[in-house]
Amino acid sequence: MRGKKQTKRVYGILFVLFVMVLGIQANAARALNQAFATAAGSVLVDRATIAYTATLPEIPASDDGVLYLFEMQPYEYAVAPTAVPVASAPASLTPAFTVPYTGARLYTKLGLAVKSGGQNVLIANPQYIANPELLATHTRARQARPLKSEQGKDFCNLYMSENANGVIAGRYTTAQIMNNGGNQAITNPYSRAAIIPTDTHPVAPQHYMLNASEPAGIAAIAAELSRVAANSTVENFIVGNEVNVRTWNYMIWTDWDSYIREYAQTFRVAYNAIKSQNANARVFVCIDQNWDRNRPAGHAEYYEYIDGKDFLAKFNALIAGEGNIDWGVAQHPYPVPLTYAKFWDMSGCPSGGYMAAQVSSGKMMTFQNLSLLTNYLQAPEMLSPAGAVRHVILSEIGLTNAQGVDVQAAALYASYVAAKSNPYVEEIIYLLSYSEPQVDTRLSGQSQLVFNSLGTAQEATYDAWAKAFIGISDWSQVIK
């Protein structure tokens, strides 16, 4: 056991040192040249040509007055001294290059550098191809989608270690990309260390970070997701489950910046694989209910999860810095706690006052306060490349029947109203098959009738019933 702990500790130390070295090298341009690019981009101009452009504040100091363009892997953040450039040109304030497109370059990035002291020093964030949809040959018109849908019928999990023929043969429209750790090639190298929960890191991994840190992992992920995007009815792809929580996307105890960078690499590979097949597909990052709790580094939960708000900020900065793309957000707006559906009266809930305060103060996000997410996504820095608010789906919600079927029915209706009344929410996907003693989301009686009415002419009848049952005259009294 002691040897396993030491092995895990060594993995962690090596990873942190690796990240520190990359950070030092990536920042070297600022220290040496004071000419880091103010803008850079890489786009396909046609199916055979990539155009790279940058804007520099001044001509950078260098050994030879030449700018070099290097091809880099997703996991590379510095250029080796022995690397061979794919293009070069005399230094200028607005360098522009064209390089041939190859299939491999769909998953690599182009980095602009100078020679300084014999080293290749980056002077711009490396850039991925930001418009992979130009390559798409399997684009399909998006299906008309109702606001309400159901896991198991419209939604499925796509396990990357298993054959995806079932997904291709089915009629699913949403798939959540998962890794159960069974295939080491697609499992991140920092997810393979021995898992030894401790008092400060009490986690039991359920799923694992995908591997965009090794060539074999990148190739496997790209091949499988390209195949599914080209041959299935899936048009919404969710990369991982609640990825701001390490239990569902396990990696060793690194700092969160390193963790999110590993995830962003995977997301970029998945996005380019999917969009290069079906231009109309949408690709989502998935977060849970922890929104703004601000656990400090010394807190027992610090390494278990990062707030969704902080995750999105860091993720967006990484994606935008290396070529902004049209990612969306999938969120799970369960009640808090998920074992208690009677959200309008917490008197019967253990720690009910604390739980209610977590929601009312915006620390936790449920269907009651979805505006926390959609307001945040309206910030200028969070908008899509087209300047629009990003696509939002509620990809998993279940309402327990533990407090009775009528409570479940009223909460179910309220969750639907919350989605329907928010102009940025496109879909709410219900989990109706979960069965545990305190979290049984199966429907019966009134709750089944309410669910069946949603999106139909009978909906108004249950609207009046649900408000009367909760004891309100207007939904704004419980939904913000």
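1. Two strands are taken as paired if DSSP finds at least two bridges between them. The model considered here is predicted. Strands β12 (residues 236–239) and β13 (residues 282–287) pair in the parallel sense, over four bridges. Within this pairing, Ile-238 has Phe-284 of β13 as its bridge partner.

2. Both strands belong to an open sheet of eight strands with parallel pairing, in the order β9-β16-β15-β14-β13-β12-β11-β10. At its edges lie β9 (148–150) and β10 (155–159), each of which pairs on one side only. From one strand to the next, the twist averages 30°. Helix α6 (residues 308–321) lies across β13 and β14 (328–331) and runs at about 140° to β13.

3. The whole structure contains 16 salt bridges. One of them joins the side chains of Arg-145 and Glu-427, at 2.8 Å from N to O. Arg-145 lies in the loop between β8 (127–128) and β9, and Glu-427 in strand β16 (residues 425–430), so the pair ties together parts 282 residues apart in sequence. Arg-145 is partly exposed, at 24% relative accessibility, whereas Glu-427 is buried, at 3%. Arg-142, Arg-145, Glu-235 and Glu-427 are linked in a network of salt bridges.

4. A salt bridge also forms between Glu-459 and Lys-420, with the closest N and O atoms 2.7 Å apart. Because Glu-459 lies in helix α11 (residues 459–470) and Lys-420 in helix α9 (residues 405–421), the pair ties together parts 39 residues apart in sequence. Glu-459 is buried, with a relative accessible area of 10%; Lys-420 is exposed, with 52%.

5. Within helix α11, Asp-463 and Lys-467 lie four residues apart, about one turn of the helix. Their side chains meet in a salt bridge of 3.2 Å, N to O, and both residues are buried.

Terms used:
Residues are numbered from 1 along each chain as its sequence is written. This is a predicted model: local features need pLDDT of at least 70, side-chain atom pairs count only at pLDDT 80 or more; totals for chains, interfaces and linings use all residues. Side-chain values use heavy atoms; hydrogens and water are left out. Helices (H or I, at least four residues) and strands (E, at least two) are DSSP runs, numbered from the N terminus. Axes are lines fitted to C-alpha atoms, for helices over the stretch in contact, and angles run from 0 to 180 degrees between N-to-C directions. Contact means heavy atoms within 4.5 Å. A salt bridge is a side-chain nitrogen of Lys or Arg within 4 Å of a carboxyl oxygen of Asp or Glu. Buried means under 20% relative accessible area, exposed over 50%, partly exposed in between (1.4 Å probe, protein chains only).
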